[in-house]
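User: Could we go through this model together? I would like to begin with the overall fold and then turn to one strand.

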Amino acid sequence: MGKIHVGILFGGRSAEHEVSLRSAQSILAALDRNRYTVTLIGIDKQGQWHRQPLLAESNLALLVDGTRPVEPLALPQAGDLDVIFPVLHGPYGEDGTVQGLLKLAGIPFVGSGVLGSAVGMDKDVMKRLLRDSGIPIGAFVTVLRSQRNRVHFPTIVEQLGLPVFIKPANLGSSVGVSKATTEAEFKQALDLAFQFDHKVLIEAFIPGREIECAVLGNDDPQASVPGEIIPQHDFYSYEAKYLDQKGALLQIPADLPPEVTAQVQRLAIQTFQVLCCSGLARVDFFVRGTQILVNEINTLPGFTTISMYPKLWEASGLGYSALIDRLIELALQNHQQDQVLRTALSPLSRDLGK
């Protein structure tokens, strides 16, 4: 067999655009050029798609800054690709929109499909599905933009206590997330969150350790060893994740009793399956003693060499380059399975249905 032609799809219109660039650079550097041919597909902040040349001197420059010419790309031009690795975080990339487009175009892609991506992105829908499946989660209240003026701080305090966390329902990387302990902070936090989404979550503060577990696979997913995030800020904010090199400490594997580790791994896989995910995801938990609560899932987690998802698999015995190979294999397997599904009834079947 010849080389597999991989398209790395990155950038995007969301507030997590810059995070995507870092992930794409790491993947590009790690792909084995003896095994793969690579095409860079950048989406700028206005939503325009560009095929971007690989620079011979480094193969790492992602040309989204306008300093060098790029080639406009129409989706049919992507038809020569064997698989696409979408390194898109947040809305317009992680939420099922791009996944639906690639499905319609018949192009295999890494990660969850339309449904898993959409419910994984929307924290309100995600939490309701988990709750109805008996998976333990924290208390929360959902507020639509139309309900903004009917949300009263004393009522929220009575329901959830203090402090509370306010976040956009459809965003990641802690963008737009605030912690509030006073009514003034609460109003400011709502104003900020509604700048990013039409739906906002208000969550109860859960004292406990922040534990994360990576999941890999399709029909028979596996869980990594858990890791622990130890924030050095007030909470694990965007600044702590990406701007402050000392914003958080990572302990991998997490120092947990064996029975708690096993339960975290079991719940990570169960969460992955309940939300109809495939390929990859990172499941985040709060752990206090033997109490374990699922916080959320991330179906396209950060993918730099120092991001939690690849580091968890590295600690589990699967290195960064081998992890990318495996994700591409899983994407191709998913696509092959889809090809055997019937999309129309035969004349005989139609007659029998009468």
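Predicted model: local features only at pLDDT ≥ 70, side-chain atom pairs only at ≥ 80, totals over all residues.

User: How many helices and strands does the protein chain have?

Analyst: There are 11 helices and 15 strands in the protein chain, taken as DSSP runs numbered from the N terminus (helices: H or I, at least four residues; strands: E, at least two).

User: And what share of the residues is buried?

Analyst: Of the 354 residues in the protein chain, 52% are buried (under 20% relative accessible area, with a 1.4 Å probe and protein chains only).

User: Turning to S10, how many of its residues are buried?

Analyst: Seven of the nine residues in S10 (residues 209–217) are buried, and the strand is mostly covered.

User: Which strand is joined to S10 by nine bridges?

Analyst: That is S14 (residues 279–288), which runs antiparallel to S10; strands count as paired if DSSP finds at least two bridges between them. Leu 216 has Leu 280 of S14 as its bridge partner.

User: What about S12 and S11?

Analyst: S12 (residues 227–231) pairs antiparallel with S10 over three bridges, and Glu 212 stands opposite Gly 227 there. S11 (residues 222–223) is also antiparallel to S10, over two bridges, with Val 215 opposite Ala 223. A hairpin of four residues joins S10 to S11.

Technical notes
Residues numbered from 1 in each chain as written. Heavy atoms only, no water. Buried < 20%, exposed > 50% of the residue type's maximum accessible area, 1.4 Å probe, protein only.
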